[in-house]
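Please open the model in your viewer and keep the selection tool at hand. The tour below goes from one selection to the next and says what is there each time.

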Amino acid sequence: MARAFLIVLDSVGCGGAPDAAAFGDEGANTLLHIARACADGKAREGRSGPLFLPHLDRLGLGRAIELASGEQAPGLGARPEGLWGAATEVSQGKDTPSGHWELAGQPVPWDWTLFPDRQPAFPPELTEAICRLAGTEGILGNCHAAGLPVIARYCEEHRQSLWPICYTSADSVLQIAAHEEWFGLDRLIRLCEELAPILHSQRVGRVIARPFSGTCGATRRTPNRRDFAMAPPGPTLLDCVAEAGRATHAIGKIGDIFSMQGIGRLWKGASDADLFEHLVQLGGKAEEGSLTFANFVEFDTLYGHPRDVSGYARALERFDAALPRFFAQLRPGDLAIFTADHGNDPTWHGTEHTRERVPVLGYGPGAKSIGLCGFADVGASVARHLGLVLPGRGSSFL
């Protein structure tokens, strides 16, 4: 019985979203601009030369970028040997839950609640709830911010007061940063878990615990992040596979994104390198007829948001170089789909995600162009490969 592996390279977009201008992102193209920076010698920290992604490119990555945006990426021009195309999102967001849910067959049918870009960003009743649940007299931040700068800005006040650092972004999210030792990791996780139902009832998509450690001036985020996301608006690909009695494996933050719905076993790690080892392991031992759904988040968190072009290029090249180990574990009849949930162009202004199409690359079916498709078509196609029918939106391209 065939197996399927759905692998999300978080934020690895390829430009060309038809509604990008509505999000302030017209012209954003994560992969194209990284490739151009590499070709122009502008991404040389820890690497050199053109962007080198031979395995993804042989699947059709260069063609997918050109299809999505009409632009040719330097160094990515191989003749495709895999399934290739590009997907367009219909959900009205450029956030993690929207992208993943739609890939799994459930576009978001509502508008997310967003916090205004001003200080204070949060309404008084929310601030009061945070203080009550945290047992503090106030909060720090209360603004739109990127995670590392806001932690650096408020670290000393946090150390002295033990007030949580609360911030948001252009996504529908409340993020709370706190020191694992000073504030307490369990206390932070409990605070976010108790806040989540309040925020979800207001259609705020996620509450994220952002623990950090170290001393002020030398802090670092720890791998103990937790996302408390709303449940998807209906049954997803994971539910479809689980209800058919098949095994489902979730690698990385898939469990958080889908509120553990339809997930049989969760595989976590301290880094994307750890998560890749889980992917290789499951390539060898995942059950017949199973679905493995993986998210590799560091492209987004470590390099996209901080606007680190060289780091993003290094991460892409490391991932690509490791792929032969995963491919070697796959069996005849298996399908591996590589895609993304949104963009995060590290050459773009600001620190937010970017509205983009995403590549869709397939290992297993042989050379095949699928053209432009929808995010939900990915889930429908994976279901069909497994001999199942995913109710709702989306048509199989297989």
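A residue is called buried when its relative accessible area is under 20%, exposed when that area is over 50%, and partly exposed in between, with a 1.4 Å probe and protein chains only. The model is predicted, so local features need pLDDT of at least 70 and side-chain atom pairs count only at pLDDT 80 or more, while totals for chains, interfaces and linings use all residues. Residues are numbered from 1 along each chain as its sequence is written, and side-chain values use heavy atoms, with hydrogens and water left out.

Begin by selecting Cys131, which is buried, with a relative accessible area of 11%. The closest cysteine sulfur to that of Cys131 is in Cys166, 7.8 Å away, which is too far for a bond, since a disulfide is a pair of cysteine sulfur atoms within 2.5 Å.

Which two cysteines form a disulfide? Select Cys155 and Cys216, whose sulfur atoms are 2.2 Å apart, and you have the one disulfide that the structure holds. This pair links distant parts of the chain, 61 residues apart, with Cys155 in helix α6 (residues 147–161) and Cys216 in the loop between β6 (206–215) and β7 (218–221). Helices (H or I, at least four residues) and strands (E, at least two) are DSSP runs, numbered from the N terminus. The torsion about the S-S bond is about -85°, so the disulfide is left-handed. Cys155 is buried, with a relative accessible area of 0%, whereas Cys216 is partly exposed, at 31%.

Now select helix α4 (residues 96–103) together with helix α13 (residues 375–385), whose axes come within 6 Å and cross at roughly 40°. That angle makes α4 oblique to α13, because angles under 35 degrees count as roughly parallel, over 145 as roughly antiparallel, 65 to 115 as roughly perpendicular and the rest as oblique. The axes are lines fitted to C-alpha atoms, for helices over the stretch in contact, and angles run from 0 to 180 degrees between N-to-C directions. Show the side chains and you will find Gly99, Glu102 and Leu103 of α4 meeting Phe375, Ala376, Val378 and Gly379 of α13, where contact means heavy atoms within 4.5 Å.

Finally, select residues 3–388, which an unreviewed UniProt entry lists as "domain: Metalloenzyme". Over this stretch the chain is 37% helix and 20% strand, and the end C-alpha atoms are 12 Å apart.

Key: UniProt positions are given in the numbering used here, feature names are shortened, and annotations may be inferred rather than shown by experiment.
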